[in-house]
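Let's take a friendly walk through this protein, from the inside out. Have the sequence and the 3D view at hand as you read.

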Amino acid sequence: MADSKYERLTPEQEIQVKGPKKTVHVKKDQHKFQKRGDTKSRIKYGVSLFLGLITAYFVISIIRIEVRGRSLIRTNEEWRELLKEHPYEHKVTDVRSPCPMLNTLANHGFINRSGRDIKSDDLFDALMLMGAPPTVTVGILKFVYTKLKEADPDSPFLSQFGEMKTLDLDRLTIAGVLEHDVSLTRNDLSMPPHTTSSPIADYVVRMHNLAAFSNKGTEYDGIFTRKNENDARRLRWLESYKYNKHMHLNLFSQFASSTECSLLLDIIGRDGTITLPHLKSFLLNETFPDDWVPRNTTYSLTELAVKPIICWRGLRKSEVPIDLIAQLQ
């Protein structure tokens, strides 16, 4: 039998040994720790609930945007009928942007023909007809309509924040928002004619001739390819760098121009190519060709992530010399 001095005390004996006051303090400490644990659990639950609601809001918003955007896509036959209702018209009093696609949409009345007072929703609907990515388009439009809003000196301080109600296309010629140097079809803003609203015919002819000479006798005869775009962009870059001391093309602008490359060849064109007649129609005349139809699917996020990078890498790998410009006139 074990010695009595090593026998384990019963709970009642332990309370008697420790004393009632000490036991009460222990119970109070345990209660305090339990309350702290409950408070932390409630905070974690509240944070999780808040983040869950935010996530659900964004997911539902994206789904609504995608559904709305995809609902505006037309079949080839529907597009041809729609184009008949939107003939080309352009007046000298109309204002235009540095973007050939936006100008084409205005020339055909898919947005205000005058180029003025264009609502963000109207511009979204028009771009969806072309197969632009819905969610990304909403993000870009919010950026543009917010960035280009000017502070009215006669309005309250807070009025300068938020989005513009409407946009005039020539506002897009302001440098540092979407406008950038080394455009394929426009002069740099700091060079004559000091506007990027209208294309320079010589630049479009140069692109046409580059593709015509480079691809003659190949499977791409009569077609403007991604490599042609890379070479044409490099020639414009070399040209601007040599003749425009105020030229600025940072890394962001390089990727922006690479995105334009993909939009030209994968939304207006198909699979990295566009026919030479279509190239001239969109970039020089800014009108929809009769035999052209928009995409039947939206430009996917995968394409948006991959194809501009392909364009950018192609631009950096291009080795055409500036002397080639004289041969392409």
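In this predicted model, helix H4 has Pro-100, Met-101, Leu-102, Asn-103, Thr-104, Leu-105, Ala-106 and Asn-107 as buried residues. With 8 of its 8 residues (100-107) buried, H4 is largely enclosed by the rest of the structure. What covers these buried residues? The cover includes H5, helix H9 (251-268) and helix H10 (276-285). After H4 comes Gly-109, with a positive phi near 80°.

Next, the nonpolar cores. The largest one holds 55 residues, and those with the most contacts inside it are Trp-79, Leu-105, Phe-110, Met-130, Phe-224 and Phe-288. Helix H5 (residues 120-129) supplies the largest share of this core, 6 residues. Another core, lying apart from it, has 5 residues, including Val-182, Met-247, Leu-249 and Leu-315.

| Nonpolar core | Residues in core | Some of its members |
|---|---|---|
| Largest | 55 residues | including Trp-79, Leu-105 and Phe-288 |
| Another, apart from it | 5 residues | including Val-182, Met-247 and Leu-315 |

Which residues does Phe-288 touch? Leaving out residues up to four places away in sequence, Phe-288 touches Trp-79, Leu-83, Met-101, Thr-104, Leu-105, His-108, Phe-110, Met-130, Ser-281 and Phe-282. Among these partners, Met-101, Thr-104 and Leu-105 are buried residues of H4.

Now to the surface. Ile-43, Val-47, Phe-50, Leu-51, Ile-54, Tyr-57 and Phe-58 make a nonpolar patch of about 730 Å² there. Ile-43 belongs to helix H2 (residues 20-71). Is Ile-43 buried or exposed? Ile-43 counts as exposed because its relative accessibility is 52%, and the cut-off for exposed is over 50%.

Note on methods. Residues are numbered from 1 along each chain as its sequence is written. This is a predicted model: local features need pLDDT of at least 70, side-chain atom pairs count only at pLDDT 80 or more; totals for chains, interfaces and linings use all residues. Side-chain values use heavy atoms; hydrogens and water are left out. Patches are made of residues with over 30% relative accessible area and no salt bridge: like charges are joined within 9 Å, nonpolar side chains (Val, Leu, Ile, Met, Phe, Trp, Tyr) within 5 Å. Accessible areas come from the Shrake-Rupley method with a 1.4 Å probe; for residues, only the protein chains shown count as cover. A salt bridge is a side-chain nitrogen of Lys or Arg within 4 Å of a carboxyl oxygen of Asp or Glu. Helices (H or I, at least four residues) and strands (E, at least two) are DSSP runs, numbered from the N terminus. Buried means under 20% relative accessible area, exposed over 50%, partly exposed in between (1.4 Å probe, protein chains only). A nonpolar core is a set of buried Ala, Val, Leu, Ile, Met, Phe, Trp, Tyr and Cys residues joined through side-chain atoms within 4.5 Å. Contact means heavy atoms within 4.5 Å.
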